[in-house]
Number of protein chains: 2
Amino acid sequence: MSETHPLVLFMPSGRRGRFARGTPLIEAARSLGVHVESVCGGRGICGRCQVEVAEGVFAKHGITSAADHLSAWSAKEERYAEKRGLKPGRRLSCSASVEGDLVVDLPSDMAINGAVVRKAVDTREIPRDPAIRLLYVEVSQPDMHAPLGDLDRVFEALQRDWRLPRPTIEPSLLPKVQGILRAGNWGVTAVVAHDREADRPHLVALYPGLKNEAYGIAVDIGSTTIALHLSSLLSGATIASAGTPNPQIRFGEDLMSRVSYVMMNPEGRPQMTAAVRGAIRELTTRVCTEANVSPDDVFDAVFVGNPVMHHLFLGIDPTELGQAPFALAASGAIEMPAAALDLGLHPHARAYVLPCIAGHVGADAAAATLSEGPHRQDETMLLVDVGTNAEIVLGSSRRLVAASSPTGPAFEGAEISSGQRAAPGAIERVRIDPETLEPRFKVIGVEPWSNEPGFVEGAARFGVTGICGSGIIEVVAEMFLAGIISEDGVIDGRLAARSPRIVEEGRTFAYVLHETPDRSIRILQTDVRAIQLAKAALYAGIKLLVDRLSAEEGRPVAIDRIALAGAFGSFIEPRYAMVLGLVPDCALERCGSVGNAAGAGARMALLNREFRREIEDVVTRIEKVETALEPAFQGHFVAAMAFPNKRDSYPELVKVQPLPNRDAAGNPTLSGGEAGSGGSDEGGSARRRGGRAGRR
Amino acid sequence: MSETHPLVLFMPSGRRGRFARGTPLIEAARSLGVHVESVCGGRGICGRCQVEVAEGVFAKHGITSAADHLSAWSAKEERYAEKRGLKPGRRLSCSASVEGDLVVDLPSDMAINGAVVRKAVDTREIPRDPAIRLLYVEVSQPDMHAPLGDLDRVFEALQRDWRLPRPTIEPSLLPKVQGILRAGNWGVTAVVAHDREADRPHLVALYPGLKNEAYGIAVDIGSTTIALHLSSLLSGATIASAGTPNPQIRFGEDLMSRVSYVMMNPEGRPQMTAAVRGAIRELTTRVCTEANVSPDDVFDAVFVGNPVMHHLFLGIDPTELGQAPFALAASGAIEMPAAALDLGLHPHARAYVLPCIAGHVGADAAAATLSEGPHRQDETMLLVDVGTNAEIVLGSSRRLVAASSPTGPAFEGAEISSGQRAAPGAIERVRIDPETLEPRFKVIGVEPWSNEPGFVEGAARFGVTGICGSGIIEVVAEMFLAGIISEDGVIDGRLAARSPRIVEEGRTFAYVLHETPDRSIRILQTDVRAIQLAKAALYAGIKLLVDRLSAEEGRPVAIDRIALAGAFGSFIEPRYAMVLGLVPDCALERCGSVGNAAGAGARMALLNREFRREIEDVVTRIEKVETALEPAFQGHFVAAMAFPNKRDSYPELVKVQPLPNRDAAGNPTLSGGEAGSGGSDEGGSARRRGGRAGRR
């Protein structure tokens with residue numbers, strides 16, 4: 001069997017199978033569902049189907065793989081290598097056939113036609129099956145005996161060589177088909193949009209001869225930042241990325257102020273729509289210039305964003321999203337010609353907008369879900385993306401629930417007395433010595449910590465101007481761990497006796513983080529309250545989802561993994577998020593940032609149409625919980641005002657980070673009470689240990 | 001059985017079935033495949049499903065039908081009748097149910113919303129199943145617990161009430177959906193394009209409340225004339241029609257001169273495209289004004305035309321059609337947004353162009369085929385549409401063949417010495433007394449014949465200016481029947497001795513049809529030759545098809561019916577067409593004009609998408625014969641130069657129209673020879689009898 005049917009393993013997918021000797025490698029791959037691109041249909045001219053044989057003994061797989069387990073170089077490969085160049089070790093899988101056991105790599109770094117291929121934005125390999133395909137065909141010449149039209153013979157060839165059903169055609173192409181066919185001497189490359197397998201494909205463009213590149217953009221439209229990635233639809237490589245502040249900011253800092261602007265100004269909606277589209281157009285120009293790609297070669301575009309961004313981008317009035325019942329104008333995925341969005345791509349490029357989950361849980365949360373895949377896992381994942389609204393998805397392959405929670409802008413440094421955006425000069429990290437209550441901190445743009453040599457010189461450049469989102473989280477958490485604030489968030493005025501850092505500020509106390517003659521950066525009692533309100537809202541939303549999921553599953557649900565998405569996820573340290581009780585207890589190593597999950601999900605949908613179907617399906621199955629309507633919200637909210645929480649235990653957290661008010665099992669040791677009272681000694685000692693452990 | 005399951009017969013389709021008492025009439029109709037329109041989905045508000053009970057004893061069907069065999073008037077009907085009015089005898093089939101045997105008429109004269117409904121252009125009933133549908137739905141209101149978007153709830157309602165799969169949406173509608181839903185208080189009418197059942201439908205427009213009218217245009221783009229019909233897509237009635245000369249005439253009278261114009265002038269193609277589209281736009285405005293319809297309510301458009309017209313209309317260079325291999329740029333049916341054609345319809349209207357059969361057999365011939373339906377019959381039909389090119393289709397349900405033949409413009413009066421277009425002053429009919437050789441004729445615009453009282457006064461208005469297409473056919477046929485010209489088309493100079501009508505003209509002779517001091521209308525020997533060449537080309541083309549069909553069927557094919565389509569068919573008298581040998585022998589009563597069959601086919605495709613599928617399928621099965629490539633063409637052509645034909649017999653014709661050179665079985669009596677020689681006496685006497693018989 002193995003003599004006549006060697007074993008072939010494809011990497012990185014790991015799919016494997018046995019094939020008769022002589023099976024073309026590309027056929028072997030396809031029969032296993034491994035997508036190997038080919039524009040020329042096996043004619044050995046596009047070079048898209050390149051593979052590399054991994055040589056050696058792969059004991060784990062029981063394979064001894066060698067380059068000569070592929071058939072000898074074919075004339076097609078010789079010709080291609082001579083004309084276009086082929087890296088050592090590379091073969092064309094359309095021309096090489098299986099002759100022995102093989103481990104085959106599908107490389108993602110193919111440089112074809114001199115296009116710039118940069119390091120991928122994301123190291124994740126996305127299996128490719130894009131909605132836009134380039135299909136080269138050789139079309140039969142006109143024949144009086146079989147008077148099929150030029151276009152119809154193109155369709156016939158597409159059917160014959162690519163099994164493509166008869167497509168519809170872009171009307172403006174009709175007059176051009178004759179000339180293109182003759183210019184290509186009857187060899188043409190069709191650009192075909194075929195998003196849904198069951199739909200008829202659509203002929204988007206037609207080029208004489210072999211066209212060997214097509215690109216797409218994946219865009220994450222955030223309220224603050226728009227991020228755009230340019231990917232090759234043929235190699236899957238992301239070849240350029242860029243971001244820009246969302247120019248809608250001039251109409252309102254946060255979502256609700258933009259919605260208000262539209263309500264107040266009839267011209268506001270079209271202005272904001274034009275602003276976001278203009279920004280995307282500029283980003284596209286920028287990435288295309290950088291990658292030396294013509295925007296005319298961008299044939300597909302995928303968009304994600306929260307519901308307000310989604311609506312404004314599509315030109316839809318977001319006013320309904322500002323009030324109950326928070327009615328989305330459109331929740332399902334939207335396919336359309338990109339021309340309607342005026343982005344300067346190929347005139348007949350396509351656009352795809354991911355579905356929204358609910359009135360406040362948008363296409364960005366859907367994309368993050370697609371990227372992190374709680375629905376593909378048995379373990380229960382909590383996926384949190386915090387902006388002005390927190391979008392929360394919880395569940396597993398069994399069941400998913402989602403909600404949004406109005407956290408407000410405190411986590412972004414807004415509504416905080418010394419708060420500011422993350423920019424040079426902002427304090428981003430803080431440590432407080434539990435003995436001395438003295439802080440040290442790190443400022444954006446300055447390498448050394450505040451207690452290290454070189455800090456003063458470094459900080460002189462921008463000054464120390466305020467405290468950003470991650471800074472406020474860390475300082476409040478450190479204040480709690482150092483016993484400066486109680487479980488209930490009260491700054492303990494009694495410590496003013498012990499340290500000059502604790503000062504009276506009206507009827508409450510404050511903590512002086514940094515003081516210079518012209519500026520005092522202090523954490524006020526109101527700042528702590530703002531963080532409490534924000535985190536209580538987030539936690540209460542999560543808690544409602546845990547309740548709902550537990551009810552549905554008929555058992556208390558434990559969270560196996562916490563994925564913190566977006567900017568929030570990347571700046572916040574999971575330990576501090578848990579110390580403050582932003583998120584429930586979970587093994588610390590299973591809680592972490594997943595980067596720009598929304599952007600990653602958008603890229604997945606760009607590169608593989610099956611991911612579009614997947615998220616469309618998942619979204620319909622996600623159960624939505626409207627936090628505003630849940631009677632239990634208030635109780636969860638009140639309990640979550642405490643650090644980390646009045647009621648819930650943190651057994652996993654206390655294993656690595658003892659808490660002032662918790663026993664070794666993570667259960668509350670006190671029913672609250674005043675700061676510093678009761679078991680504060682044990683708490684203090686636990687806190688010191690934890691403080692050290694946590695700082696490694 | 002009949003007690004509990006009464007028999008219901010629907011007219012005009014004749015479909016019948018038994019239904020349980022209480023079955024809503026509309027359901028009974030639909031289960032039989034009888035399309036009963038309904039916009040409101042059985043809510044009794046659109047009135048589109050009106051029916052009439054035919055009362056009486058229908059012995060043939062075994063049905064005694066009475067109005068009270070329907071359920072009593074419902075509240076819905078009362079309300080509709082009160083609000084909108086319902087003609088006596090009319091019922092709403094959504095509200096009335098079967099209670100006894102019934103004969104039910106589906107009336108086509110529904111006046112709804114005061115729209116003007118005129119007499120149908122064509123009395124033929126076209127079963128309706130249009131590609132554009134109006135679907136009224138009541139959409140659920142936004143619900144925080146089930147946060148589906150507005151648009152998605154429209155789709156949900158379309159799925160629920162109409163079983164419509166999720167459609168794609170016109171992008172410019174996206175921002176409007178919110179407002180439309182709220183303006184309609186959650187009741188909206190969706191305009192859905194759903195041409196192919198297997199394709200996803202497309203949401204073209206959305207209206208608040210009940211929208212109860214949608215129209216379409218069917219356009220036959222002839223080289224000479226453009227004809228347009230405006231039909232209600234809901235009732236099927238054609239409510240206005242108009243025609244206009246094709247403005248491309250200024251670029252060239254006939255097809256090939258227009259193709260030449262494009263070859264010579266780079267701007268010629270866009271100019272001619274703009275001209276034809278402009279003319280259609282104007283016609284649309286004209287019919288809409290006449291029918292009091294807004295062009296914004298025109299949602300569908302169907303186009304037919306010969307290949308050159310087809311290409312120029314679509315903006316395609318027709319140059320390739322001017323030379324072998326006569327390559328069509330596109331032969332298959334084309335669906336597109338009508339906006340690409342700039343016709344001033346609803347901005348998101350759809351357009352459908354019927355398929356072409358071959359390089360010279362266009363979408364007009366396809367439409368004529370669809371209309372006359374040779375493929376739906378067991379008998380063999382010859383379908384001929386003569387213009388500058390004759391388009392010929394021959395066959396039956398078993399097999400179809402098609403060809404074009406270059407007849408040139410002689411049949412239209414061009415290339416004839418006194419020829420002119422059919423216009424007032426043109427001689428259109430001619431009779432020649434075989435004894436005296438004196439003619440009498442009829443002139444367009446003048447009621448009496450030339451030998452009748454009042455002719456001189458009538459003709460004084462325009463004069464007698466020339467002879468048009470039908471006139472030239474008739475005068476040559478009458479000259480042949482009167483013995484003035486021989487079987488070979490030679491004007492017999494010897495008759496100059498007998499009649500002053502025969503005069504010498506250079507080295508040949510001419511027949512003086514009409515003479516005044518300032519004008520002499522004569523039939524020259526060259527005119528007869530021009531007709532001979534044209535008719536020989538037509539006949540040879542037909543003959544090739546008969547040969548091909550006979551070979552394929554393995555037996556000599558007899559033509560059971562001849563359908564003469566278009567202007568040619570309506571002006572030519574079948575008897576004369578046969579006397580001159582334009583068409584093969586056939587029972588005279590089975591040969592006749594079918595009117596504007598291409599226009600009728602276009603209307604069928606407009607009103608029923610199944611007819612689109614039918615003709616798309618038929619076209620792929622029609623075998624094309626390229627006359628220019630067939631070696632047998634020349635022989636057929638030479639034989640067909642004779643009147644009626646050198647070789648072929650005319651047994652059916654001679655039964656009613658004896659011929660100078662044929663025996664009673666229609667076989668040639670002479671091997672040609674000179675005119676007037678040999679058996680001319682028998683021929684003469686036969687001719688006299690025939691002349692009389694034919695003139696009744």
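## Contact between chains A and B

Chain B gives 42 residues to the contact, and chain A gives 42 residues. Two residues count as in contact if their C-beta atoms, placed from the backbone, lie within 7 Å. On the side of chain B that touches chain A, helix H3 (150-162), helix H4 (177-183) and strand E16 (334-337) of chain B each give two or more residues. Helices (H or I, at least four residues) and strands (E, at least two) are DSSP runs, numbered from the N terminus.

That side of chain B holds 23 nonpolar, nine polar and ten charged residues. Ala, Val, Leu, Ile, Met, Phe, Trp, Tyr, Cys and Pro count as nonpolar, Asp, Glu, Lys and Arg as charged, and the others, Gly among them, as polar.

## Model and numbering

This is a predicted model: local features need pLDDT of at least 70, side-chain atom pairs count only at pLDDT 80 or more, and totals for chains, interfaces and linings use all residues. Residues are numbered from 1 along each chain as its sequence is written, while chains are lettered from A and ligands numbered from 1 in the order in which they are written.

## Domains of chain A

Chain A is assigned domain 1 (7-105), domain 2 (113-353), domain 3 (367-408 + 530-695) and domain 4 (412-524). The bounds come from an automatic or database domain assignment. Between the C-alpha centres of domain 2 and domain 4 of chain A lie 47 Å.

## A helix pair in chain A

Residues of H11(A), including A:Ala536, A:Tyr539 and A:Leu544, meet A:Ala632, A:Phe633, A:His636 and A:Phe637 in H16(A). This contact divides into eight nonpolar residues, one polar and two charged.
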